[in-house]
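Q: Please take a close look at one part of this structure, the packing of its side chains. I would like one connected explanation, with each term made clear as you go.

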Amino acid sequence: MLDQPLSNTSSSHLAAEAFAALPPIMQARLIQSQRVILIANNPSIDTAILKTLLQPTDMLVLFNDFIHADFFAHHPLAKDLPKLLFFRQIGDSKLNFGLPPRSNNVTAILDMTKQAPLGILFGNTAYQFPMPCDDPNPADDPITANRVLEIPEPLEKLLRSDEHCAVLSEQHKVVADYPIFADIHSSAPTSGFLLYRLLLSARLHIQQKQKAETLLSIVMLGFNNDDKT
């Protein structure tokens, strides 16, 4: 669990910018939530852990081709919780991890939209609705019979919505101190670290705006370098 205050070098202006970087529908939900849980794609996280952890006042953050899609879309403990999905661009291609034509949870995402507020953040650029022919490395993620290859119309409308979607630069000011090497694409901050820093700053804005005595709690589940949570 990580729940530490923002450093003294962070400004109120940066906090306001971080909050504004969230999709508007998620800004409203973040203010109403008591806790945000960032859930990594760690295979050691099972649904028993989630059933013990989740509370009705939580907001969830899921990443790319996230785990336990059916649980988050349909289980009574999870389906009514607001969710922020983060999809990262694959290199300089038109593709995003976790969206068509790559492996995806599109069916579950559509179900999520019917249950609770849903926001989507894209890394660096908005979704470009690529086709399988736009995949420069199709062998990296072979197409299966049950793969959704195109975005269905209801989800397309959501992906084009300014209320539900926003683009977050991986070089946002909240990670200005992260070491970046121009010749190494993977030197950018991880998705989890980027969202953690963004939410740390955003919660400062909420605290200042509401003059709250209690900080929004931030929990990170499964972000480590082994198979333990």
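A: Leaving aside residues up to four places away in sequence, Leu 159 touches Ile 120, Phe 122, Tyr 127, Phe 129, Ile 151 and Cys 165, where contact means heavy atoms within 4.5 Å. This is a predicted model, in which local features need pLDDT of at least 70 and side-chain atom pairs count only at pLDDT 80 or more, while totals for chains, interfaces and linings use all residues. Residues are numbered from 1 along each chain as its sequence is written, and side-chain values use heavy atoms, with hydrogens and water left out.

Together with Phe 72, Leu 159 has the most contacts inside the largest nonpolar core, which has 34 residues; such a core is a set of buried Ala, Val, Leu, Ile, Met, Phe, Trp, Tyr and Cys residues joined through side-chain atoms within 4.5 Å, and buried means under 20% relative accessible area, exposed over 50% and partly exposed in between, with a 1.4 Å probe and protein chains only. Among the elements that give two or more residues to this core are β1 (35–39), α4 (69–74), α5 (106–113) and α6 (153–159), helices being DSSP runs of H or I with at least four residues and strands runs of E with at least two, numbered from the N terminus. The largest share of the core, five residues, comes from α5. Another core lies apart from it, with 31 residues that include Phe 19, Leu 22, Met 26 and Leu 200.

Cys 165 is buried, with a relative accessible area of 11%, whereas Cys 133 is exposed at 69%. Phe 122 belongs to one aromatic cluster with Phe 87, Tyr 127 and Phe 129.

The aromatic rings make six pairs, counted when the centres of Phe, Tyr or Trp rings (for Trp, the six-membered one) lie within 6.5 Å, with planes under 30 degrees apart called stacked, over 60 edge-to-face and the rest tilted. One of these six pairs joins Phe 63 and Phe 86 edge-to-face, 6.3 Å centre to centre and with 70 degrees between the planes. Because Phe 63 lies in strand β2 (residues 58–63) and Phe 86 in strand β3 (residues 83–87), this pair ties together parts that are 23 residues apart in sequence. Phe 63 and Phe 86 are both buried. Phe 71 and Phe 72 also pair edge-to-face, at 5.6 Å centre to centre and 80 degrees between the planes, and both are buried.
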